[in-house]
Amino acid sequence: MLKVRLGELRVEHRDLDDIIAKVTEGSPFDMLQMQRLKKRKLALKDQIVRLENRLIPDIIA
């Protein structure tokens, strides 16, 4: 279940990269929209890291 969700988040994160690239190609572009996209991308990255940490157990050296 966690691996499936992790995969979904990674796909959405990659899709946002494409969307951001397309938005910046157009001139002029909406800075508010860009900020929202980047904020969403950062939130997705945080979720991805949290899920990865839950899947990979801590190793005590």
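Trainee: What span should the 24 residues of H1 have at 1.5 Å a residue, and how far apart are its end C-alpha atoms?

Mentor: This is a predicted model, and in it the 24 residues of H1 should span 34 Å at 1.5 Å a residue, while the end C-alpha atoms are 35 Å apart, which agrees.

Trainee: How many helices and strands does the chain have in total?

Mentor: The chain has two helices and zero strands. Its radius of gyration is 15 Å, well over the 10 Å that the globule rule gives for 61 residues, so the chain is more spread out than a compact globule.

Trainee: OK, which residues of H1 are buried?

Mentor: In H1 the buried residues are Leu6, Leu9, His13, Leu16, Ile20 and Val23, and what covers them includes H2. In H2, in turn, Met34, Leu37, Leu44, Ile48 and Leu51 are buried, with H1 being part of what covers them.

Trainee: Is there a reason for the spacing of those numbers, I mean, why do residues three or four places apart point the same way?

Mentor: An α-helix has 3.6 residues a turn, so residues three or four places apart point the same way.

Trainee: Which residues make up the largest nonpolar core, then?

Mentor: It has ten residues in all, namely Leu6, Leu9, Leu16, Ile20, Val23, Met34, Leu37, Leu44, Ile48 and Leu51. H1 and H2 each supply at least two residues of this core.

Trainee: Is Val11 buried, partly exposed or exposed?

Mentor: Val11, which is also found in helix H1, is partly exposed, with a relative accessible area of 40%. If you want a distance to check in the structure, Val11 and Glu52 are 41 residues apart in sequence and 15 Å apart in space, C-alpha to C-alpha.

Trainee: Changing topic, where is Phe29 found?

Mentor: Phe29 is in the loop between H1 and H2, and at 34% relative accessibility it counts as partly exposed. Leaving out residues up to four places away in sequence, Phe29 touches Val23, Thr24 and Met34.

Trainee: So what else is Met34 in contact with?

Mentor: Apart from its neighbours within four places in sequence, Met34 is in contact with Ile20, Val23, Thr24 and Phe29.

Trainee: What happens at the start of H2?

Mentor: There, a side-chain oxygen of Asp30 reaches to within 3.1 Å of the backbone nitrogen of Leu32.

Trainee: Last one, how much of the chain counts as buried overall?

Mentor: Of its 61 residues, 18% count as buried. The accessible surface of the chain comes to about 5200 Å², and 57% of that belongs to carbon and sulfur atoms. As for contacts with a separation of 6 or more, residues 24 or more positions apart account for 70% of them.

Technical notes
Residues numbered from 1 in each chain as written. Predicted model: local features only at pLDDT ≥ 70, side-chain atom pairs only at ≥ 80, totals over all residues. Heavy atoms only, no water. Buried < 20%, exposed > 50% of the residue type's maximum accessible area, 1.4 Å probe, protein only. Helix = DSSP H or I, 4+ residues; strand = E, 2+ residues; numbered from the N terminus. Contact = heavy atoms within 4.5 Å. Polar contact = N/O pair within 3.5 Å; in protein donor to acceptor, adjacent residues only side chain to side chain. Core = buried A, V, L, I, M, F, W, Y, C linked by side-chain atoms within 4.5 Å. Rg over C-alpha atoms; globule rule 2.2 N^0.38 Å. Areas by Shrake-Rupley, 256 points an atom, 1.4 Å probe, with all protein chains shown as cover. Expected span 1.5 Å × (residues − 1).
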